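Thanks for coming. I will go through one structure today, starting with its overall layout. Please have a look at it first.

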Amino acid sequence: MLMPMALEWEQIIVDSADPVALGRWWAEALGWVVVDESEEIIEIRPEPDRMPGLLFVPVPEGKTSKNRLHPDFRPDDQEAQVARLLSLGARRAGTVQDEQHWVTLLDPEGNEFCVLGERKS
């Protein structure tokens with residue numbers, strides 16, 4: 001019997017026009033810390049030794065379509081967190097439907113993420 005390969009989730013790579021600015025935005029939005037930074041890249045994590053992290057790297061092309069992968073966050077207070085993220089520079093991705101229990105936002109470079117409402121039993 002073959003044993004599964006041991007894999008540790010290190011990070012997610014985020015392509016960006018301005019990696020350092022976007023990485024700093026996400027660090028503030030999430031309350032994470034910068035663990036590596038140069039003129040071109042920045043890596044943030046929940047805590048210095050806790051993974052996975054987000055590594056922001058430069059790409060020459062801009063975002064052209066909807067993300068195929070996006071993070072969902074479940075805060076204690078959805079309305080307060082949406083307001084806080086909007087004050088940091090996030091934008092609403094569209095209108096919220098009455099039956100929706102999440103709000104889709106865009107980061108400063110247009111990457112989608114969702115802020116979820118209270119978990120339904």
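Which domains does the domain assignment of the protein give? It gives domain 1, residues 10-60, and domain 2, residues 69-120. Keep in mind that this is a predicted model.

Next, the two domains relative to each other. Their C-alpha centres lie 20 Å apart. In terms of contact, 11 residues of domain 1 touch 11 residues of domain 2. The size of an interface is often given as the accessible area lost when the parts come together. Here domain 1 and domain 2 bury about 880 Å² between them, and 67% of that is on carbon and sulfur atoms. On the domain 1 side, L22, W25 and W26 supply 58% of the area buried against domain 2, more than any other three residues. As for salt bridges between domain 1 and domain 2, the count is zero.

An open sheet of four strands runs in the order β5-β8-β7-β6, with mixed pairing. β5 and β6 stand at the edges with a single partner strand each, so one side of each has no neighbour in the sheet. β5 pairs with β8 in the parallel sense over two bridges, and D72 stands opposite C114 in β8.

How values were computed:
Residues numbered from 1 in each chain as written. Predicted model: local features only at pLDDT ≥ 70, side-chain atom pairs only at ≥ 80, totals over all residues. Heavy atoms only, no water. Pairing = 2+ DSSP bridges. Domains from an automatic or database assignment. Contact = heavy atoms within 4.5 Å. Buried area = accessible area lost by both parts, 1.4 Å probe. Salt bridge = Lys/Arg side-chain N within 4 Å of Asp/Glu carboxyl O.
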